[in-house]
Amino acid sequence: VRSLSALAGAGVVAVTWALGWRLFGPAAGLLAGLYAGTSAFQVYYSQEARMYILVTLLGGLSMLAFVRLLEAWSGGAARRRALIAASVWYVLATALATYTHYFAFSLLAGQNVAVLIWLLGRRGTERRVPWGPLLAWGALQALVVGLYVPWLVASWGSLRSWPAVSAPLSLGGLLARAAQVFAFGVT
């Protein structure tokens, strides 16, 4: 039952290595992969028959495809095949992540902020709005949301009447708890 989580945990290590290598070089990739493989938090969820490590893997794949999209948009028309492949992988990984856990939408929010920052940086160097990437990004976001709509329709009733199973948590409390879990694992 837990083998899917174990495989997803191994995949998280590989995706973390790939992201670190792609963004910051081979040494950073190795350190990131090593940290992901030895993180008490990741190891714990790699042994549980729950969705948390799967959404982590899908979120990492989404981010890897996202980075490749930005690279392809920066490379111009010569990167057309890379752009198509990254777009397909992005939509698949992101849509599956949103189906796996509702918090995956926070990944979408972060990616949208990153695209706005990237577009503003490009506009500053080119003196014009890069409409191609902006429209393509909007289409990808619409596709991800469109793929999620059937689940939203099916689950709308239970989402509106979700039971409160714990006491409310402040943002500061949530951040402190997250820092504790990332540093020391689930206690």
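Modeller: Buried means under 20% relative accessible area. Keep that cut-off in mind for this predicted model.

Biologist: Is serine 62 buried or exposed?

Modeller: Serine 62 has a relative accessible area of 0%, so it is buried.

Biologist: Where is serine 62 found, and which residues does it touch?

Modeller: Look in helix H4, which covers residues 52-75. Leave out residues up to four places away in sequence, and serine 62 touches Tyr90, Ala93, Thr94, Leu107 and Gln111.

Biologist: Next, alanine 104. In which helix does alanine 104 lie?

Modeller: Helix H6, residues 104-126. Apply the cut-off again: alanine 104 counts as buried because its relative accessibility is 6%, and buried means under 20%.

Biologist: What does alanine 104 touch?

Modeller: Val55, Ala97 and Thr98, again not counting residues up to four places away in sequence.

Biologist: How far apart are alanine 104 and glycine 59, in sequence and in space?

Modeller: Read the two separations side by side. Along the sequence they are 45 residues apart. In space, their C-alpha atoms are 7.1 Å apart.

Biologist: Now the surface. Which residues form a nonpolar patch there?

Modeller: Ile84, Val88, Trp89 and Leu92. Together they have about 430 Å² of accessible area.

Notes:
Residues numbered from 1 in each chain as written. Predicted model: local features only at pLDDT ≥ 70, side-chain atom pairs only at ≥ 80, totals over all residues. Heavy atoms only, no water. Helix = DSSP H or I, 4+ residues; strand = E, 2+ residues; numbered from the N terminus. Buried < 20%, exposed > 50% of the residue type's maximum accessible area, 1.4 Å probe, protein only. Contact = heavy atoms within 4.5 Å. Patch = residues over 30% accessible without salt bridge, like charges linked within 9 Å, V, L, I, M, F, W, Y side chains within 5 Å. Areas by Shrake-Rupley, 256 points an atom, 1.4 Å probe, with all protein chains shown as cover. Salt bridge = Lys/Arg side-chain N within 4 Å of Asp/Glu carboxyl O.
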